[in-house]
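Here are a few notes to read alongside the structure. Have it open and follow the points in order.

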Amino acid sequence: MALYAIGDLHLGLGVDKPMDVFGPGWADHVRRLQDGFSQLTGEDLTVLCGDTSWGIDFRESLPDFQFIDALPGKKLILKGNHDYWWNTAAKMKRFFAENGITTIDILHNNCHFYGDYALCGTRGWFFEEDQKPHNEKVLAREVGRLEASLKLAAGRPILAFLHYPPLYEGYRCPEILRVLEQYGAERCFYGHLHGVTHRRAIQGLFGGVDYSLVSADWLRFVPKKICD
Ligand SMILES: [Fe+2]
Ligand SMILES: [Fe+2]
């Protein structure tokens, strides 16, 4: 039994969205994901850190969730900026149940446990959001969601999962970093960065939290093992 993380599967099995237009790093990515997951067993848990499906609604994303469901182990999903299919937790759970999808649960406004660890997370916030109106409102909402999730850890050691990097070369999101540090998150995993932006990722210890980039193309489509 082991815990893994990987973000940005960017599946589009129900839509016409070839990923190799994003560069040779994405060539044949569905098969590579399948290979990457083949080392896992039914006992394992993988946190999927957002940008899971290109589908804009449940109908379009169903083939992607059937694909994920067939991969070994349980999966916890959080929201990415491209997850337009995302809905209320109740509707997502009903959608999974109605379609016989049994291995996927949601990390959103809640927290899950793995051994002694609390698994906390939310989508997060990134400077790209500055382009949009009401960015302060969006940031405050995400900070609130993260804090609510961290509170539910109730003293357990914390592993945090975000879609957006809370820090980046030349960028910090002080509000998110402060909350992670305040609650004593041991490690934080994030995705969203692709291709040439990988080189601007900040990984390792920062403010007492150990950060790791887990976007699928960075991991070459092999889930990152966190612990047994
Ligand atoms: Fe993203
Ligand atoms: Fe992405």
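1. Start with Phe 221, which sits in the loop between β12 (209-213) and β13. (Strands are DSSP runs of E, at least two residues, and helices are runs of H or I, at least four, numbered from the N terminus.) Phe 221 has a positive phi of about 70° although it isn't a glycine. Is Phe 221 buried or exposed? Phe 221 counts as buried because 21 other C-beta atoms lie within 10 Å; the cut-off for buried is 20 or more, exposed is 12 or fewer, and partly exposed is in between, with C-beta atoms placed from the backbone.

2. A word on the source: this is a predicted model, where local features need pLDDT of at least 70, side-chain atom pairs count only at pLDDT 80 or more, and totals for chains, interfaces and linings use all residues. Residues are numbered from 1 along each chain as its sequence is written, and chains are lettered from A and ligands numbered from 1 in the order in which they are written.

3. Now look at Ala 154, in the loop between α4 (135-151) and β7. Ala 154 isn't a glycine either, yet its phi is positive, about 45°. Ala 154 counts as exposed because it has 9 C-beta neighbours inside 10 Å.

4. On to the sheet. Five strands make an open, mixed sheet in the order β4-β3-β2-β1-β13; strands pair if DSSP finds at least two bridges between them. The edges are β4 (104-106) and β13 (224-227), each pairing on one side only. Further in, β2 (45-48) and β3 (74-77) run parallel over four bridges, and Thr 46 has Lys 75 in β3 as its bridge partner.
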